[in-house]
Amino acid sequence: MSEPRVEICSEAGALALRAAALAVEAAREAVAHRGRFLFVLSGGSTPEKLYRLLAEPEHRSAIEWTKTFVFFGDERFVPPDDPASNLGMAQRALLAQVPIPAAQVLAVPTGEKSSTTAAAVYSRDVGRQAPDSLPIPRFDLVLLGLGDDGHTASLFPGKPALKVHDRWVTSSPPGVLPPSVERITMTFPVLNAARQVVFLVVGEKKAEVVREILERSAGAEKYPAARIAPVDGTLTWFLDQAAASRLAPRR
Ligand code: 6PG
């Protein structure tokens, strides 16, 4: 994997604008070269600004939503109308505002009888996106957030999901951060198979974890986010100044 690219933005609004421009370009390239855009959304409060921006006319018209397929990097094991639902948040902020066919929004089936079953069903659904040439799905753009504990998606420190390498999606008990509900999460192999992975990180609370990961401090591997390293793709960290505040001055 090549070195991660780090972009420091003045504040969350500027960060969302940069991420929106990157998403529009990723969509254009994917549709032009492969006929469709495979887009993995993240949960959390940081990406919500980006989703609202993508729903605004300027960006909405720049993405071919009829050729876009949306997936979720992780989901809370709750119904879509639960305030904790990542699908619910994405629907309100973006998906209900753009002309994406409903069949092209591949939500995690949180109506299944257990999070384990939901993960198995979603893993099968996600696996169907694997092109004939590859054994593993290769998403065009994966958005990720970073928890204060160094988690990403719902890959939490010390949890068994970190060791799952034979499935694209697995379930997880809650991490230490709220909401304390069971999760379904994409696993490292599929996240690291993506063409582009983008972290969206805002706030001083994350600055130390960001520093340890990006400066590869001893012990940083304890943070699941540190293990996001696209095998044949690019990794970009969009940080606001507060999240970047502990990084050494960059050349
Ligand atoms: C989730 C997210 C999770 C999130 C981080 C950061 O379902 O909660 O996928 O990984 O991205 O916790 O969340 P914030 O952007 O709200 O800080």
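The largest pocket of this predicted model has a volume of about 640 Å³. A pocket here is an open set of points on a 1 Å grid over the protein atoms alone, where a 1.4 Å probe fits, with protein on both sides within 12 Å along at least five of seven lines. Grid points are joined across faces, edges and corners, and volume is the space filled by probe spheres set on them. Local features need pLDDT of at least 70 and side-chain atom pairs pLDDT 80 or more, while totals for chains, interfaces and linings use all residues. Residues are numbered from 1 along each chain as its sequence is written, and side-chain values use heavy atoms, without hydrogens or water.

The lining of the largest pocket comprises 33 residues, each with an atom within 4 Å of a point. Gly43, Gly44, Ser45, Arg76 and Pro178 lie nearest the centre. Helix H2 (46–54), strand S4 (74–76) and helix H4 (86–93) each give two or more residues to this lining. Helices (H or I, at least four residues) and strands (E, at least two) are DSSP runs numbered from the N terminus.

H2 and H4 also pack against each other, at an angle of about 35° and with axes 8 Å apart. Axes are lines fitted to C-alpha atoms over the stretch in contact, and angles run from 0 to 180 degrees between N-to-C directions. Glu48, Tyr51 and Arg52 in H2 meet Met89, Ala90, Arg92 and Ala93 in H4 (heavy atoms within 4.5 Å).

The second largest pocket has a volume of about 190 Å³. Its lining holds 15 residues, with Ile213, Leu214, Arg216, Ala226 and Ile228 nearest the centre. H7 gives the most, 3 residues.
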